[in-house]
Amino acid sequence: MRGEIRIMDPIIVISVLGGLVLLVLLMGAPMKPVRFIGQSFVKLLIGALFLFFLNAFGNQFGIHVPINLVTSAISGFLGIPGLFSLVAIQTWVL
């Protein structure tokens, strides 16, 4: 087994992903679909971060909104108003 290269080895996967990120950064992602997918992914991550902080600080007041793809998308794409609407839905509807 020594000297054998496995495709799913973590170092190889991280190296390939890092190389792809560098390639996109150097080329500037001129393709609109790639840029749209990247911006959507960033908004999903920001939405999940909003929900994490809401749950961390809202726990004192009994506020908890689950973090999943749908709630992250709502809070990421709509921003703070989307976050407040999720809290209102969680509080009064559910």
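Helix α1 lies largely in the open, because 0 of its 18 residues are buried. This is a predicted model. Elsewhere in it, helices α2 and α4 pack at an angle of about 50 degrees.

**Helix α1**
- Helix α1 covers residues 10-27, which is 18 residues.
- From its first C-alpha to its last, α1 reaches 26 Å.
- That is close to the 26 Å expected at 1.5 Å a residue.

**How α2 and α4 pack**
- Helix α2 takes in residues 32-58, and helix α4 takes in residues 80-93.
- Their axes are 11 Å apart, and the angle is about 50 degrees.
- That angle makes α2 oblique to α4.
- The crossing of the two helices, α2 and α4, is right-handed.

**Who touches whom**
- From α2 come Phe 50, Leu 51 and Leu 54.
- They meet Ile 80, Leu 83, Leu 86 and Val 87 of α4.
- The residues of this contact between α2 and α4 are 7 nonpolar, with no polar and no charged ones.
- An α-helix has 3.6 residues a turn, so residues three or four places apart point the same way.

**A look at Leu 83**
- Leu 83 sits in helix α4.
- Is Leu 83 buried or exposed? Its relative accessible area is 7%, under the 20% cut-off, so Leu 83 counts as buried.
- Leaving aside neighbours within four places in sequence, Leu 83 is in contact with Phe 50, Leu 51, Leu 54 and Ser 75.
- Val 65 is 18 residues from Leu 83 along the chain, and their C-alpha atoms are separated by 9.2 Å.

Terms used. Residues numbered from 1 in each chain as written. Predicted model: local features only at pLDDT ≥ 70, side-chain atom pairs only at ≥ 80, totals over all residues. Heavy atoms only, no water. Axes fitted to C-alpha atoms, helices over the stretch in contact; angles between N-to-C directions. Helix = DSSP H or I, 4+ residues; strand = E, 2+ residues; numbered from the N terminus. Parallel < 35°, antiparallel > 145°, perpendicular 65-115°, else oblique. Left-handed = near helix turned anticlockwise from the far one by under 90°. Contact = heavy atoms within 4.5 Å. Nonpolar A, V, L, I, M, F, W, Y, C, P; charged D, E, K, R; others polar. Buried < 20%, exposed > 50% of the residue type's maximum accessible area, 1.4 Å probe, protein only. Expected span 1.5 Å × (residues − 1).
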